[in-house]
Amino acid sequence: MSSEQISTAPENSGPRPPRLTYAAALVGLEGLALLVGGVWMLVLGVTGHPSDRQQAVTGGITLMIISLLPLLAARGLLDRRSWSRGPAVVTQLMALPVAYNLLRADSVAIPAGIALAVVAVAALVLLVNPQTTQALGIKGPGRAQDGER
């Protein structure tokens, strides 16, 4: 890998833009919610009386593993790592169909769907914001070797 391929943000010396901090907080909040949900499922699967104990334990462990993606992305955003925006955006795009399904439910899941949709859309807006992109040192298409035009 050449030194030209490694993306470093020249703006790292200044303060972190608030939008980047807010995006990292929202992504981290989603990761934390996944982790708590996974632990909850695992505990109920082990101590409770689920209809299928193996499925509850597997689901809990799976959620806990999946929570690593947004948690690592949030940490990367706080550290201004350019790689972190991709996993953060993917997490938001995966959250939108989940929010839609929660909104279609006829239960107490509707408020959770609203909250998830609001957080996912807000995080997406913050992640694609030009200030966030610039703070992460991400250049636009065709500008990787030219510098800014």
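The pLDDT is the predictor's confidence in each residue, on a scale from 0 to 100. In this predicted model, the protein chain has a mean pLDDT of 87, with 85% of its residues at 70 or more. Where pLDDT is low, the predicted coordinates should not be read in detail.

Helix 4 covers residues 85-104. At 1.5 Å a residue, its 20 residues should span 28 Å, and the 29 Å between its end C-alpha atoms therefore agrees with expectation. The buried residues of helix 4 are P87, A88, V89, T91, Q92, A95 and A99. An α-helix has 3.6 residues a turn, so residues three or four places apart point the same way. The packing partners of the buried residues in helix 4 are helix 1, helix 3 and helix 5.

The largest pocket has a volume of about 460 Å³ and a lining of 18 residues. Of these, E30, L34, A95, V98 and L116 lie nearest the pocket centre; A95 is also one of the buried residues of helix 4. At least two lining residues come from each of helix 1 (18-47), helix 2 (53-66), helix 3 (68-78), helix 4 (85-104) and helix 5 (109-127). By residue class, the lining comprises 15 nonpolar residues, two polar and one charged.

Definitions and conventions:
Residues numbered from 1 in each chain as written. Predicted model: local features only at pLDDT ≥ 70, side-chain atom pairs only at ≥ 80, totals over all residues. Heavy atoms only, no water. 1 Å grid on protein atoms, 1.4 Å probe; cavity = no way out; pocket = protein on both sides within 12 Å on 5 of 7 lines; lining within 4 Å. Points joined across faces, edges and corners; volume = space filled by probe spheres on them. Helix = DSSP H or I, 4+ residues; strand = E, 2+ residues; numbered from the N terminus. Nonpolar A, V, L, I, M, F, W, Y, C, P; charged D, E, K, R; others polar. Expected span 1.5 Å × (residues − 1). Buried < 20%, exposed > 50% of the residue type's maximum accessible area, 1.4 Å probe, protein only. Contact = heavy atoms within 4.5 Å.
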